[in-house]
Amino acid sequence: MPRTRSLAWTELKVGLVSITALGLAMMLIFTMGSAGGFFWQRYSLKILFDDVAGLKAGAPVRIAGVAVGSVSELQFAGDRVEVVIELAKEHQSRVTTGSRATLGSVSLLGEGAVDLTSSTEGTPIPDWGYVPTGRQASTFNEVAADAADGIQEATNLLRDIRGGRGTIGQFFTNDALYQDLNRLVGSAERVATRVSQGQGTLGRLTSDDALYRDLNASVSDLNAITARIRNGEGSLGKFLHDPGFADSLTATTRNIEGVTSKLDRGEGTAGRLLNETVLYDRLTTTVEQLERFTNTLNTGQGTLGQLLNDKQLYENMNQTVLELRDFLAEVKKDPKKYLNVKVSIF
């Protein structure tokens, strides 16, 4: 009887030790399988997303592509989704107020993940603090929608081309445009043929050796002229290289500046003419008097006015002049007739 009781206790101890070892092994495997390590080696952060795109609990959390934790919980916070993540405390200095959280994917199948940017410029975010979100990358559905829109636009473009709409559509469907283009190509071909045959100015330029030699000689002469100018020869060369001319030009400029300064100060006749109002007033008065005098002449007032405007006076004066001219002619013919001088001496 005592032997049986001892054997049962031994079996019980073996069973308890096995169960304890199995539990410890399962806990060790579970805790070590997590990217964050043991629970005392992890801390929690929160992120608010407008759309989590199928993100699930247990999805990996990465910093610069390195897995450092996992998603532990997702729940609604108003119109947004609050995501709770657990990270290893050793990376807490890398997740700061300058970091940004975005949604990523683990594979092409679209399995979700949370990507964090590493930043040492801000202050570390405390336990259960919020990580700011960054600009979300385009999801597979968005890319597919954009691709569908692009395909639809391409389809509409092909439909417009087949319908003859637009320049390209007219190019493919309009026979008149094709004929015009064909004629243009034909004209260009004829021009090229004439040029190759040496016809016309361009043809002679490409085929006439004499014209080429003349052009080459002209270029040589131009090079010689520019060389002489650079060497200071001739009037133009001296103009560019002679320092005396520059000095003369500078002196002339200074003289002009001196003259303009005197004019501004009102010195000399021209300066007084520009600056004094008395001379201007006198000139204005003279012009006004001259204008009144011309008006008097135009209206026929006075002797000069009558002379300019009275036709009868003009004819009378003209007749008098004619008679005087005839009288002088007769006097020249027979002076004795009109010049009878008697001299008496008493």
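A salt bridge is a side-chain nitrogen of Lys or Arg within 4 Å of a carboxyl oxygen of Asp or Glu. This is a predicted model, in which local features need pLDDT of at least 70, side-chain atom pairs count only at pLDDT 80 or more, and totals for chains, interfaces and linings use all residues. Residues are numbered from 1 along each chain as its sequence is written, and side-chain values use heavy atoms, with hydrogens and water left out.

**View 1. Arg 80 pairs with Asp 50 in a salt bridge.** The N to O distance is 3.0 Å. Arg 80 sits in strand β4 and Asp 50 in the loop between β1 and β2, so the bridge ties together parts that are 30 residues apart in sequence. Helices (H or I, at least four residues) and strands (E, at least two) are DSSP runs, numbered from the N terminus. Asp 50 is exposed, at 61% relative accessible area. Arg 80 is partly exposed, at 30%. Buried means under 20% relative accessible area, exposed over 50%, and partly exposed in between (1.4 Å probe, protein chains only).

**View 2. Glu 86 forms a salt bridge with Arg 42.** Their closest N and O atoms are 3.0 Å apart. Glu 86 is in strand β4 and Arg 42 in strand β1, 44 residues apart. Arg 42 is buried, at 19% relative accessible area. Glu 86 is partly exposed, at 24%.

**View 3. Asp 115 forms a salt bridge with Arg 62.** Here the closest N and O atoms are 2.7 Å apart. Arg 62 is buried, at 17% relative accessible area. A search of the whole structure finds 3 salt bridges.

**View 4. Ile 85 belongs to the largest nonpolar core.** Such a core is a set of buried Ala, Val, Leu, Ile, Met, Phe, Trp, Tyr and Cys residues joined through side-chain atoms within 4.5 Å. Strands β1 to β6 each give two or more residues to the core. Beyond its neighbours within four places in sequence, Ile 85 is in contact (heavy atoms within 4.5 Å) with residues including Tyr 43, Val 61, Val 71 and Leu 116.

**View 5. Helix α4 covers residues 175–196.** The helix has 22 residues and reaches 31 Å from its first C-alpha to its last. That is close to the expected 32 Å, where the expected span is 1.5 Å times one less than the number of residues. Gly 198 follows α4, with a positive phi near 85°.
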